[in-house]
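Subject: Structure for you to look at

Hello,

Here is the structure I promised. Please open it and keep it beside this email as you read.

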Amino acid sequence: LDPNLAGESLPMDAVFAAITKHNKMLAQEDRFSTKPLTLIFRASDVQNMRFVDTPGIISNKGQGKDNRGDIQSILRNTMKKPNTKLCVLLEPKEFSTNPIIDFCDETFGDRNKWTDNAIFLMTKFDKQLEDARTGSKANKFFQEFHDNGMVPHLVITPTLPKEDLPAEELFQQRKELLGSATEKEEALFSTWLFGHQKFLQEHPDDELLVPATNKRIGFETAKKKMREIMLEDTAMRLPEVLTSLRKDLASCQNDLKGLKEKERFNDPREVKIVVGHVLEKVQKRIYAYLDGDLETAVKFPEKLQNLDDELEEEEDSEWCAKELNHYTVEEESWRERVSDFDYPDEIQAGKKFLGGKQVQRAIAMFALVMIDSLPDPFKLKEYAATGSGYLQGGLQRENWERVITSITKMSVKEITHPGINFLIKHVGQIFRRLFNIALDDVKHCDEFSTTFKLMPPAIDTHLTRMFDEMLWGLMENAASKSHLSLEPMYSTIDPSLPTFHPDHIDDGIENENLYMCNGNGV
């Protein structure tokens, strides 16, 4: 339909003009359209129903395309829908010469099936009044229809002498014609039935119309029958309808409750209260994850990660390249060490964890990789003398504590500090992920989840951003303090410090070994 003709709250004359114009356009293009035109009529005192008016099936193959196949497709698809009835308009002529019957047989198959689901109207019956002027003649005419399960309602619809009129004039004349149609139909049928009675009086051996036909005279009887069918159908489906209405009512009540809850987010004070509750719940969730939470592991098995999953996520995040401190440039060497490291069984790299176990595994992996990465201190042997001299006491006077401190610093510091950065980012990424899991957990598996779900996405985004900022600041502080706390380890060789003390050191010289005795090499 032309968009300029479509619309809402249209008067009937505008609807009539639009459909007439559309049909004329199709006729001019010699084209048949299977796309329906939909007219919605709303009123408070009518039943819900839909009429599907299909094109006529009598086509002239000499003028344009035979479109009966398209019409059959429309009918089959429409009749597949539940609670659909077929209304068949019969011509006022003998059963055997009614083409619509053969067409329906061809379309739907078994006649007994489609006739049981149909109502029949014989239109323009005024053309048959003369031939059926007696009861016996009329009964004989209808007998074959009745034998085939078709008892038609008889309808007389007056027609205009001329249809080729402008749309507005045609609409007005049809409207006036329909206004007087019932009165004219009743007058014609009354005359017809009076003729039957008069003929019966003159010829007592004749008969009156059979009751099946007599109670189906006039369009009003067809309307009444259609209403009965709809009411019966409604009564049969009433339990189903009531169940559906209850579901709809419950759904609407839930929607209303949701809208009222959603309305709370228009008030900044309410938003603050709800967000406070969310953060409190999220905090408890994260504590539970860190302490060990079997319920969450069972509930969200897809959230668990093995060690490779954690490392890939850390490497793919934007925090990987983000500067934590001046040791960040050396972090990549640690990632390479980790990727080449052969995890021992005790690290449980292949196991999937969530929460505290992840953090403990990250710390254990850091310790193992750091020990595995420590360089050989004897590579610095030829430079040791330079490191032991000092400006006091002559050439032979040496400060061995200083050189050992330097060796320790050079051997350990270049490994430890980038590793600490890596560990902090690794654990930080775990906490970052736990926050998102906890937020999702609270919104779907909490007594207040309905309210929490209504939070605008912008609040979720804001909370995540604020948590990331807070966590990054915590990571920077942890990195700074961790690096500072290691400085005393390099400033003196103090046996009382908790450090790694081997009891035997091989310096690579044949037949010469160093042994630790009371903290000193002998």
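Below is what I found, from the whole chain down to single residues.

Please remember that this is a predicted model.

The whole chain

The chain has 522 residues, and 32% of them are buried. Its secondary structure comes to 18 helices and six strands. The chain exposes about 34200 Å². Carbon and sulfur atoms supply 54% of that area.

A buried glycine

Find Gly218. It sits in the loop between helix 8 (211–214) and helix 9 (219–263). Is Gly218 buried or exposed? Its relative accessible area is 6%, under the 20% cut-off, so Gly218 counts as buried. Which residues does Gly218 touch, leaving aside its neighbours within four places in sequence? They are Leu154, Glu185 and Phe189. Glu185 is 33 residues from Gly218 in sequence. In space, their C-alpha atoms are 6.9 Å apart.

Salt bridges

Side chains of opposite charge can pair when their charged atoms come close. This structure holds 15 salt bridges. Here are some of them.

- Glu91 pairs with Lys93, with the closest N and O atoms 3.5 Å apart. Glu91 is partly exposed at 26% relative accessible area. Lys93 is partly exposed too, at 32%.
- Arg133 pairs with Glu130, and their closest N and O atoms are also 3.5 Å apart. Arg133 is partly exposed, at 41% relative accessibility. Glu130 reaches 53%, over the 50% cut-off, so Glu130 counts as exposed.
- Arg335 pairs with Glu332, at 3.5 Å from N to O. Both lie in helix 13 (residues 331–340). They are three residues apart, about one turn of the helix. Arg335 is buried, at 8% relative accessibility. Glu332 is partly exposed, at 37%. Salt bridges with shared partners join Glu314, Glu331, Glu332, Arg335 and Lys425 into one network.

A negative patch

Now turn to the surface. Which residues gather there in a patch of negative charge? They are Glu94, Asp131, Glu144 and Asp147. Look at Asp131 in particular. It lies in the loop between strand 2 (118–122) and helix 5 (135–147). Its relative accessible area is 48%, between the 20% and 50% cut-offs, so Asp131 counts as partly exposed.

Best wishes

Terms used
Residues are numbered from 1 along each chain as its sequence is written. This is a predicted model: local features need pLDDT of at least 70, side-chain atom pairs count only at pLDDT 80 or more; totals for chains, interfaces and linings use all residues. Side-chain values use heavy atoms; hydrogens and water are left out. Patches are made of residues with over 30% relative accessible area and no salt bridge: like charges are joined within 9 Å, nonpolar side chains (Val, Leu, Ile, Met, Phe, Trp, Tyr) within 5 Å. Accessible areas come from the Shrake-Rupley method with a 1.4 Å probe; for residues, only the protein chains shown count as cover. A salt bridge is a side-chain nitrogen of Lys or Arg within 4 Å of a carboxyl oxygen of Asp or Glu. Lys and Arg count as positive and Asp and Glu as negative; His and the chain ends are not counted. The place of a charge is taken as NZ of Lys, CZ of Arg, CG of Asp or CD of Glu. Helices (H or I, at least four residues) and strands (E, at least two) are DSSP runs, numbered from the N terminus. Buried means under 20% relative accessible area, exposed over 50%, partly exposed in between (1.4 Å probe, protein chains only). Contact means heavy atoms within 4.5 Å.
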